[in-house]
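Me: I've got a model open on my screen and I'd like to learn how to read it, feature by feature. Can you walk me through it?

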Amino acid sequence: MTSIDLTTIIKAYDVRGTVPDPFSPAVAEAVGAAFARVVVLPGSGDGATRPEVVIGNDMRDSGPELVQAFAHGLTDAGVDVVLIGLCSTDGLYYASGARNVPGAMFTASHNPAIYNGIKLCRPGARPVGEATGLAEVRSLAQTFLDEGLPAPAEERGTVSEVDLLGEYSAFLRSLVDLSGIRPLKVVVDAGNGMGGHTVPAVLGTGAGLPALPLDIVPLYFELDGSFPNHEANPLDPKNLVDLQAAVVEHGADLGLAFDGDADRCFVVDENGRAVSPSAVTALVGLRELAKELAEGRPATIIHNLITSQAVPELLQAAGATTVRTRVGHSFIKAEMAEHEAVFGGEHSAHYYFRDFWFADTGMLAAMHVLAALGGQEHPMSALSEMYEPYVASGEINSRVPDVAAARRRVLDAYLAAYPDATLDELDGATVSHWDATPRWWFNLRASNTEPLLRLNVEAADADIMEKVRDDVLSLVRAEGGEPA
């Protein structure tokens with residue numbers, strides 16, 4: 001019935017593909033039908049009431065049709081569907097957490113307009129990934145596409161609509177009180193993504209909440225899935241240029257940039273300089289730690305292995321237990337739940353909170369930054385400097401003809417030249433000279449889908465960082481490699 005291979009669009013963490021080929025309404029319906037049978041129905045309890053799934057979507061034009069098809073797959077299986085409409089990904093996580101039901105978010109984050117995707121979760125916003133049901137969903141959906149959908153349930157599910165933006169906004173405000181901070185002027189670049197929908201509700205009065213001492217200067221708040229101004233991916237420095245200029249132009253105290261589905265947040269100081277996500281991780285982590293310690297509770301904080309060495313150093317010195325993880329939200333969320341961690345941060349500007357069902361929310365992280373800045377008199381540049389004592393390269397990609405050979409060249413050279421360096425292979429290869437002099441470390445990770453090596457370097461000073469960076473890149477690209 002179809003020649004579509006779902007392994008091309010259903011990967012380790014989510015569904016992602018170009019619309020309508022290969023990601024068509026037929027695919028969405030098959031995935032909905034499979035999600036019902038793999039995740040929803042087995043966890044639906046005693047059957048006294050029909051199970052329920054919440055569905056949200058971002059501003060992409062293809063969203064409503066795909067949502068309708070996915071919902072049809074669910075209702076035919078006897079599952080009730082609650083449509084929450086336009087929302088950020090953390091808005092969908094709120095709906096799943098607050099209602100304690102599975103959820104599906106239709107978004108392709110910062111990908112171009114031709115893409116769409118689905119992020120699936122279990123009740124309480126718990127992720128559905130390769131090892132937690134997504135592989136089974138993919139396999140069953142493939143069967144439905146190849147052989148046809150099963151007959152509808154005797155009692156089909158219903159479809160209803162509810163607006164949860166106000167509840168979501170009030171809940172976030174209950175976690176971080178901004179009412180008493182000093183007045184701040186804040187430029188927000190929504191990148192034509194869902195931040196344009198959520199920022200007026202959470203930080204303004206758009207959801208009927210009281211005004212905060214914030215003067216918001218909006219940049220690209222118009223919802224437009226074609227991203228006419230710039231890609232909604234603040235991790236790429238070129239997409240911060242407009243925000244940086246606007247912060248300086250308006251004499252703002254700081255700038256915030258959200259990605260397409262507004263689950264990530266980046267910060268720019270009053271001089272237009274980007275504040276590293278590692279610094280934000282340390283800042284927010286210390287705030288969450290202080291709250292736990294004030295209530296007499298120990299606190300664990302998660303960080304991935306690409307975050308700055310300053311993160312564990314600062315948090316451990318303040319009394320936290322830190323846990324280092326692989327890169328990727330599924331690993332962070334698993335460690336968050338296992339350790340009952342109060343907070344977790346990644347170099348990609350995903351921030352996870354125990355009080356938000358261990359899920360990631362860029363908005364809550366932004367509110368912590370605003371609270372920290374507005375709770376004292378120093379500018380953002382001085383505040384962030386406390387959390388950025390070292391120098392980092394950022395992630396640098398190289399395309400190489402032989403990934404294994406390039407990796408071997410680097411490790412052979414460095415482990416021979418620095419016998420006191422350590423090697424760990426938690427995720428890729430991390431070579432560390434941090435406990436010796438001069439202090440540096442680098443991580444070299446292979447892409448799962450392309451012949452790429454990703455390099456991150458950090459050192460105690462710029463000269464050392466640049467030397468290690470350049471030396472490693474020279475080795476990586478020695479035999480036909482090139483920048484990617």
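Me: Where is P22 found?
Reply: P22 sits in the loop between β1 and α1. Helices (H or I, at least four residues) and strands (E, at least two) are DSSP runs, numbered from the N terminus. The peptide bond that joins D21 and P22 is cis, with omega about 15 degrees. P20 is in the loop between β1 (15–18) and α1 as well, and the bond from V19 to P20 is cis, with omega near 5 degrees.

Me: What should I keep in mind about the model itself?
Reply: This is a predicted model, where local features need pLDDT of at least 70 and side-chain atom pairs count only at pLDDT 80 or more, while totals for chains, interfaces and linings use all residues. Residues are numbered from 1 along each chain as its sequence is written, and side-chain values use heavy atoms, with hydrogens and water left out.

Me: How do I read the overall build, and how many helices and strands are there in the chain?
Reply: The chain has 14 helices and 24 strands. Its radius of gyration is 23 Å, close to the 23 Å that the globule rule gives for 484 residues, so the chain is as compact as a globular protein of that length. That radius is taken over C-alpha atoms, and the globule rule is 2.2 Å times the number of residues to the power 0.38. Along the principal axes, the C-alpha atoms fill a box of roughly 70 × 55 × 45 Å.

Me: And what does "buried" mean here?
Reply: Buried means under 20% relative accessible area, exposed means over 50%, and partly exposed is in between (1.4 Å probe, protein chains only). Of the 484 residues of the chain, 56% count as buried.

Me: Which residues does V187 touch?
Reply: A contact means heavy atoms within 4.5 Å. V187 is in strand β8 (residues 184–189) and counts as buried at 1% relative accessibility. Leaving out residues up to four places away in sequence, V187 touches V217, L219, L243, A246, V247, H250, A252, L254, G255 and L256. Take H250: V187 and H250 are 63 residues apart in sequence, yet 8.1 Å apart in space, C-alpha to C-alpha. Across the chain, residues 24 or more positions apart account for 70% of the contacts with a separation of 6 or more.

Me: How do I read a helix that has a buried side?
Reply: In helix α10 (residues 329–339), I332, K333 and M336 are buried. They cover an arc of only 95 degrees around the axis, which puts them on the same side of α10. The arc is that of the directions from the helix axis to the C-beta atoms. Just after α10, E340 takes a positive phi of about 50 degrees.

Me: What about positive phi elsewhere? Is F227 buried or exposed?
Reply: F227 is buried, with a relative accessible area of 10%. F227 isn't a glycine, but has a positive phi of about 50 degrees, and it lies in the loop between β9 (214–219) and α7 (241–250). W357 is another residue other than glycine with a positive phi, near 60 degrees. W357 is in the loop between β16 (351–353) and β17 (359–360) and counts as partly exposed at 24% relative accessibility.

Me: How do I look for empty space?
Reply: Rolling a probe the size of a water molecule over the atoms shows where empty space is left. On a 1 Å grid over the protein atoms alone, a cavity is a set of points where a 1.4 Å probe fits but cannot get out, and a pocket is an open set with protein on both sides within 12 Å along at least five of seven lines; lining residues have an atom within 4 Å of a point. Grid points are joined across faces, edges and corners, and a volume is the space filled by probe spheres set on the points. By this rule there are three cavities of 30 Å³ or more, and the largest cavity has a volume of about 60 Å³.

Me: Which element gives the largest share of the lining of the largest cavity?
Reply: That's α1, with three residues. Residues lining the largest cavity include E29, R37, H72 and D76.

Me: And the second largest pocket?
Reply: The second largest pocket has a volume of about 250 Å³. Of its 16 lining residues, the closest to its centre are H303, L305, Q309, P312 and R324. β20 gives the most to this lining, with three residues.
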